[in-house]
Structures are given as C-alpha cells and as structure tokens.
Amino acid sequence: MRPLTEEETKAVFEKLANYIGKNLVHMIDRDEDDAYCFRLHKDRVYYLPLPMLNLATSIARPNLISLGTCMGKFSKTGKFKLGVTSLDWLAKYAKYKVWIKPSGELPFLYGNHVAKAHLGRITEDTPEHQGVVVFNMSDVPLGFGVTARSTLDTRKLEPTGIIVFHQADVGEFLRDEDTMF
C-alpha cells in the first residue's frame, strides 16, 4: 500500500470531479479527527481514514487484501475506472443526480441504459456527457453513468431515447461475481 503518484492522483481526481465536481474538496479537506487519504494497492485505489492506515502498517503487503473503500482501479494502460464500490461516496457528494421510476430500476440493474420513459426526475441544468448518480424514487443509489443529453434536450426526446449511459450499478456484484476479486 503506497501513496498515489502525481499522474495517478490527477487521473483519480479528474474522474471523481466528473461526478462530484467541486464537492471533491469535501473528500480531501476534512477535519483533523476525520482525516482520510487515498492509497494504491495492487492497481486499486482505496479511500480510508488515517487511523485505519496506521493500523494497516503492521500487516505485510502480501497478506493485505483490501482496506477502506475501493474507489476503482487502474487498467493495464494506466486509465482509472471507477468501481461500483465508490457509489456511497459518489451519492453523498454528487452534483448531478437522476431518479428513475420503479419500472426502470430492474432494466438499469441488469446493465441497460436509462431511457426517457424510465426517467423520474433529473437535476436542473445537467450538461451533456456529465457524470451522474442514478437513484430510485426512494433516494437509494443504484449506480452511476454519463448523461447522453442535457436537461433541455431530454424534454424534446422520444420515450425510447437514451438519457443516461450506464457505467456501473449495484447489480454488478451478482453479474460479475466470479471476476470481481
């Protein structure tokens, strides 16, 4: 477990900023008693409290499997991909949100994009190609994706048009169970 390099930090923060915008400051600058940090272990980026990091120093690296919240992982080409395990933090600080109707929950959890027919609400002034967190109508985070159209363009769209491109959802744990770890 080591700190992120300059390039790795830039890649992680750019991806997080696409979803939470300026609220990224709230994840980084926290109170002293509630300080968190980002660490890299086996190509995965973890977000964990400093006291937990101090306790983890007593565990040998080969024996350490996971620590804190896995925010995502780096691919072989060096690109950072957010994981569904980061959903709790993304939902807490998300700048743009999308709520889907109960009829659209299951298709989204099966890995499909969000169609206009399934759209319940959307944050005002959401731009095109912006990272959004997808909630059900009871405010339970289901996953995240990227908007296909801006808020203004969605009003003119037909019911079968795609509003949000699917990126990750909580159903991944069941679909990709054998390849997750």
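**Exercise 1. Give the strand order of the open six-stranded sheet and name its edge strands.**

Solution. The open sheet has six strands in the order S7-S11-S10-S9-S6-S8, and its pairing is mixed. Strands here are DSSP runs of E with at least two residues, numbered from the N terminus, and two strands pair if DSSP finds at least two bridges between them. Strand S7 (114-115) and S8 each pair on one side only, which makes them the edge strands.

The model is a predicted one: local features need pLDDT of at least 70, side-chain atom pairs count only at pLDDT 80 or more, and totals for chains, interfaces and linings use all residues. Residues are numbered from 1 along each chain as its sequence is written, and side-chain values use heavy atoms, with hydrogens and water left out.

**Exercise 2. Describe the pairing of S10 with S11.**

Solution. S10 (residues 141-147) and S11 (residues 162-169) are antiparallel, with five bridges. Threonine 147 has valine 164 of S11 as its bridge partner.

**Exercise 3. Characterise the interface between domain 1 and domain 2.**

Solution. 

1. Bounds: domain 1 covers 6-89 and domain 2 covers 96-175, as set by an automatic or database domain assignment. Their centres, taken over C-alpha atoms, are 25 Å apart.
2. Contacts: eight residues of domain 1 are in contact (heavy atoms within 4.5 Å) with 18 residues of domain 2.
3. Area: about 910 Å² is buried between the domains, 65% of it from carbon and sulfur atoms. Buried area is the accessible area (1.4 Å probe) that two parts lose on being put together, summed over both. In domain 1, Tyr19, Val84 and Leu87 lose the most area to domain 2, together 70% of what that side buries.
4. Charge: the count of salt bridges between the domains is zero, where a salt bridge is a side-chain nitrogen of Lys or Arg within 4 Å of a carboxyl oxygen of Asp or Glu. The side of domain 1 that touches domain 2 has four nonpolar, four polar and no charged residues; Tyr counts as nonpolar and Gly as polar in this scheme.

Methods. Helices (H or I, at least four residues) and strands (E, at least two) are DSSP runs, numbered from the N terminus.
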